[in-house]
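Here's a quick run of questions and answers about interfaces. Have a look at the model first.

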Amino acid sequence: MSIQEQYKKRVRELLSSGAVKMVIGYQAGTTADRRRPLFIRTPEEAEKLVLDSACIANLSGYLVTEGLLSDEKSVGIFLRPDGIRSINILAAEAQLNPEQVVILGFDGNDKEVTALQGEKARDFSAIIASIKEHAPEAPRNPQLEQIEKMSPKERFAFWQAEFSRCIKCYACRQACPMCYCRRCIVDSNQPQWVNTSSHTLGNLEWNVVRAFHLSGRCVGCGNCDRACPVNIPLRLINAKMAGEVLGAFDHFAGMSETQEPVLASFKKDDSETFIL
Amino acid sequence: MTRILLSDKLDNCVARWRKAGLTVIGPVKKETSSSYATVEKAADFDFGIVLPDRSIKGLFFPQTEPMMGYTIKKQDIATNDFAPPTEKRIIFGARSCDASGLAIDDPLFGWDYKDDFWFQRRNETVIVTIACTKADDFCMCTSLKLAPDSTKGSDVLLRPLQNNKGWLVEELTDRGREAFKEIADLLLDGSEQAAPLAVVPEKFNLDACVAWLKNPENFDSTFWKEISMRCIGCGSCTFLCPTCHCFDFQDEGDTYSGIRRKNWDSCSFSLFTMHTSGHNPRSTQSARWRQRIMHKFNYFPGKFSVNSCSGCGRCTRQCPVDMGITETLQAISTLKP
């Protein structure tokens, strides 16, 4: 039985036994290479489910939809390891109760997917620990390395050119599981902290604010980067910040549901070179 | 006998137009994203782009535009109005859907208040559209009763030659004829065949959709919630749309100096309809998506007798969750009116 069929069976079981009220997964999209999010509420609807290497999007953001988990019933969700790390962060930041999240875990490459054993986020801690362990030797993005070699002036010019395309549609924010604020700082207008205008300064402000808000929280799922309608390479910024946080604080986002947020916690042995 | 513009004469044309004081704009791919951008020579154009990522709209209605400003110095208070730009432009290689989008928005910008910024740019810009010989899976102009060679909103229509060496020229307006006078001696007479137009299959029955939308009972249909469940509430579809035209005024500055700007706004955002009291009449994403569809295919045509969609397909093409007008209207087509 293919992994897709195995998981269809599992979804039907979860829904007919009442273990979950809904399963969030993937279905076929407009073109052969596209997958769309799917919300399955009856065992019959499981037939629409697709699970293959094109299932890339991190769906965990849907779990913090207002009211979805407030009845204390469980929801099933298809997640790759990066999505499971998102669940840990959302739990650690008190945005959801991980007991209500039944994970249908999978992993894979651009050709095939494999099933991951486990049901609750904590069941996958060994996999996540191994990803962290191998993070330093993981192949680095060649474009990121190129940007690191630039002088500060060149780097600023590079990002200004990239951000000049930004139209402030906020697709990056809306696609990001970590951007769950009911009212984003840029939507606060009394006072107007951040310019809403999509001009050079406004675009720079927005993207820099977002980079800092995601430092130590981004799991590198790439949702923002894929969502950007003008193809700004947003994942490079977040990958850079994740690397900095790992190096400075040995913090790898989403290790457990009780992990303290790196920018909101203090340890005696934290590096303080930037203060002293 | 028709007039022909050969591709190898394009460099000369660009130089002529630039010499005549026109800014030449065309489809350009820069880094990882395509748009209509200023070109200096024929090699800068990329006519292989099916449709630029960003629509033509921003050239007439920019994403942010200063309207007025003020400075206060002790006893001196100065205000300044930003006048509409007087730059003369020619857009060479627009797509029919984008040019149509401009014509669709003309009545809106000239309705109760004549928007000088829009009309000044419209009047000073020549639009040379190239008929499409290629389409992708998201194109849907035919579903909107338009076509890959619609002339709506265009000043000149070019049809690519079968031999790929140039275009057949159809001058449509005085503005177009005026601009092509500059290059009249570069055109040839010929009888070459035009390449076949792109085949864009009809994806939904527009009349059936409009009938369903007009039935007031369907305003509260559960359909809206179902179809928009995966919408993440970003503004990608509205900002890329060649006809979406909503904007917001923002004041930037402090006590001593500042600028009032007109910025794009989107009905997808929860803040769009938020009242000062905190009440939001469109409090859910499904209500916002319904508004977008109703506005385009019910309210706008009710007022201006034209649908506010030209079938470019960008809403679906660039949607982070693969939603869009096509899927929604396809689904509505199957419902009982």
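A polar contact here is a pair of N or O atoms within 3.5 Å; within protein, one must be able to donate a hydrogen and the other to accept it, and residues adjacent in sequence count only if both atoms are side-chain atoms. This is a predicted model, so local features need pLDDT of at least 70, side-chain atom pairs count only at pLDDT 80 or more, and totals for chains, interfaces and linings use all residues. Residues are numbered from 1 along each chain as its sequence is written, chains are lettered from A and ligands numbered from 1 in the order in which they are written, and side-chain values use heavy atoms, with hydrogens and water left out.

Q: How many residue pairs are in polar contact between chain A and chain B?
A: Chain A brings 33 residues to the contact and chain B brings 34, where contact means heavy atoms within 4.5 Å. With both partners at pLDDT 80 or more, the residue pairs in polar contact number 20.

Q: Which elements give two or more residues to the side of chain A that touches chain B?
A: Elements are DSSP runs numbered from the N terminus: helices (H or I, at least four residues) and strands (E, at least two). On chain A they are β1 (22–28), β2 (35–40) and α6 (171–175).

Q: What area is buried between chain A and chain B?
A: Buried area is the accessible area (1.4 Å probe) that two parts lose on being put together, summed over both. Carbon and sulfur atoms give 53% of it here, and the total is about 2900 Å².

Q: Which side chain of chain A meets E327(B) in a salt bridge?
A: A salt bridge is a side-chain nitrogen of Lys or Arg within 4 Å of a carboxyl oxygen of Asp or Glu. Chain A and chain B share 5 of them. In the one with E327(B), at 3.2 Å from N to O, the partner is R36(A).

Q: How far apart are the centres of domain 1 and domain 2 of chain A?
A: The bounds, from an automatic or database domain assignment, are 3–136 for domain 1 and 140–264 for domain 2 of chain A. Taken over C-alpha atoms, their centres are separated by 24 Å.

Q: Which residue forms a salt bridge with R122(A)?
A: Domain 1 and domain 2 of chain A bury about 2100 Å² between them, and 4 salt bridges cross that interface. For R122(A), the closest N and O atoms are 3.8 Å apart, and the partner is E257(A).
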